[in-house]
Amino acid sequence: MDERDIRLLKAISDLGTGSPERLHEETDIPVSTIHYRLNNLREAGIVENDLYDIDLEKVGLGVTVFVELLTDYHGSHHDFEEKILAVEGVSQAYFTMGETDFVVVAHLPDQEMVERLITDLETIEEVRRTNSTFVVSTLRHSTRPLQNYDIETLLEELSDD
């Protein structure tokens, strides 16, 4: 990636849009160049989709819970992870190192669904114990991590130039 690619990605993150016209206003990169570069970024797999952000609280999924899974599985974690991903409500799941084997994040409508999620996870044979943490208030929920960096840092750390 070069400086223009990084500037485009940062602008997409900051503006929350892939609109070539809005990106041009933000970056001064010509619209035709933006089209070309966005296509290249998609082909390279760097830009994955054109999803709209959703306010989970307004939709009714305002309860966020983190669940640590301590497991006893044999073989590869890949064989076990499908069981975790099949549990309804799991938004994110991570294989981790340390005492905790997996961390699951769920966005749920109410306490009843939290109990159902925990029950579903605990009924998986390999799960030995869970540890749940409720989110009281969200300080930052960024689906666009580039927003959290200064452009200078991104250019210094990511640019091939």
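Select D5 and R37: their side chains meet in a salt bridge, with 2.9 Å from N to O. A salt bridge here is a side-chain nitrogen of Lys or Arg within 4 Å of a carboxyl oxygen of Asp or Glu. D5 lies in helix α1 and R37 in helix α3, so the pair ties together parts that are 32 residues apart in sequence. Both residues, D5 and R37, are buried (buried means under 20% relative accessible area, exposed over 50%, partly exposed in between, with a 1.4 Å probe and protein chains only).

The model is predicted: local features need pLDDT of at least 70, side-chain atom pairs count only at pLDDT 80 or more, and totals for chains, interfaces and linings use all residues. Residues are numbered from 1 along each chain as its sequence is written, and side-chain values use heavy atoms, with hydrogens and water left out.

D2, D5 and R37 are linked in a network of salt bridges.

Now show the two helices, α1 (residues 3-15) and α3 (residues 31-43). Helices (H or I, at least four residues) and strands (E, at least two) are DSSP runs, numbered from the N terminus. The α1 and α3 axes are 11 Å apart and the packing angle is about 90°; axes are lines fitted to C-alpha atoms, for helices over the stretch in contact, and angles run from 0 to 180 degrees between N-to-C directions. The two helices are therefore roughly perpendicular to each other (angles of 65 to 115 degrees; under 35 is roughly parallel, over 145 roughly antiparallel and the rest oblique).

For the contact itself, select R4, D5, L8, L9 and I12 in α1, together with T33, I34, R37, L38 and L41 in α3. Contact means heavy atoms within 4.5 Å. The residues of this contact divide into six nonpolar, one polar and three charged (Ala, Val, Leu, Ile, Met, Phe, Trp, Tyr, Cys and Pro count as nonpolar, Asp, Glu, Lys and Arg as charged, and the others, Gly among them, as polar).

Next, go to E126 and K83, a salt bridge whose closest N and O atoms are 2.7 Å apart. E126 is in the loop between α6 (111-122) and β4, and K83 is in helix α5, 43 residues apart. E126 is buried at 15% relative accessible area, while K83, at 38%, is partly exposed.

Last, select D72 and R128, another salt bridge, at 3.6 Å from N to O. D72 lies in the loop between β1 (63-71) and α5 (77-85) and R128 in strand β4 (residues 127-134), so the pair ties together parts 56 residues apart in sequence. D72 is partly exposed, at 37% relative accessibility. A search of the whole structure finds eight salt bridges.
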